Each structure stands twice: as C-alpha cells, then as structure tokens.
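Take a look at the sequence and the structure below. A brief report follows, topic by topic.

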Amino acid sequence: MSSSDASPPVEPVGFDIDLTGHEMTRRAHVMAALGDDWDPVAALRGEEEAYDLLYSGLDEEQQRLYDALVAAGVLPRR
C-alpha cells in the first residue's frame, strides 16, 4: 500500500438513518389509499366471518387436525 491509500478504520463507523419522516409519509399514503369510507371494525368483522366459514363444515379428519393445531398453539382457539 502506498502512503496515499486509506486504511480501513480501526473502530466501527457509526451509520444511522432516521426513517421517521419516510414512515409518516408511507402511513399517510396508506390511509389515503384506504379512503374515507374504510371501516376497520367492519373489516375485522368480515375477517372473523371468513374464518368462521373456513373452519365450518369440517369432516371428522379435518376437525381432528384442526383441534391438534389449536392445541399446539398454531391456530388460535375460536
């Protein structure tokens, strides 16, 4: 190495990036995309109804597997 070559620093170099401003902009865009008529309670209710339909009408083997997954903590108890 010549005397003009920079050697790597001995100590770690601090490298911080503050993404707070970017995150606030992202959230504002998400809320704008959802629109003024978005109802989070209705969305959650619809999700619950979809899960109820998904896990209804299971045959014996499917119910056994579902119960095993709930017991193992993979699926929430409903």
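The model is predicted.

Met31 has a relative accessible area of 48%, so it counts as partly exposed. The cut-off for exposed is over 50%, and buried means under 20%.

## Helix α2

Helix α2 takes in residues 40-54. It has 15 residues. From its first C-alpha to its last, α2 reaches 21 Å. That is close to the 21 Å expected at 1.5 Å a residue.

A contact sits at the start of α2. There, a side-chain oxygen of Asp39 comes to within 3.2 Å of the backbone nitrogen of Val41.

## Asp52

Asp52 has its place in helix α2. Is Asp52 buried, exposed or partly exposed? Its relative accessibility is 44%, so Asp52 counts as partly exposed.

Asp52 can also be set against His29. In sequence, the two are 23 residues apart. In space, Asp52 and His29 are 32 Å apart, C-alpha to C-alpha.

## Confidence

How confident is the prediction? The chain has a mean pLDDT of 90. Of its residues, 94% reach 70 or more.

Confidence is lowest in helix α2, with a mean of 94. It is highest in helix α3, residues 60-71, at 96.

Methods: Residues are numbered from 1 along each chain as its sequence is written. This is a predicted model: local features need pLDDT of at least 70, side-chain atom pairs count only at pLDDT 80 or more; totals for chains, interfaces and linings use all residues. Side-chain values use heavy atoms; hydrogens and water are left out. pLDDT is the predictor's confidence in each residue, from 0 to 100. Helices (H or I, at least four residues) and strands (E, at least two) are DSSP runs, numbered from the N terminus. The expected span of a helix is 1.5 Å times one less than its number of residues. A polar contact is a pair of N or O atoms within 3.5 Å; within protein, one must be able to donate a hydrogen and the other to accept it, and residues adjacent in sequence count only if both atoms are side-chain atoms. Buried means under 20% relative accessible area, exposed over 50%, partly exposed in between (1.4 Å probe, protein chains only).
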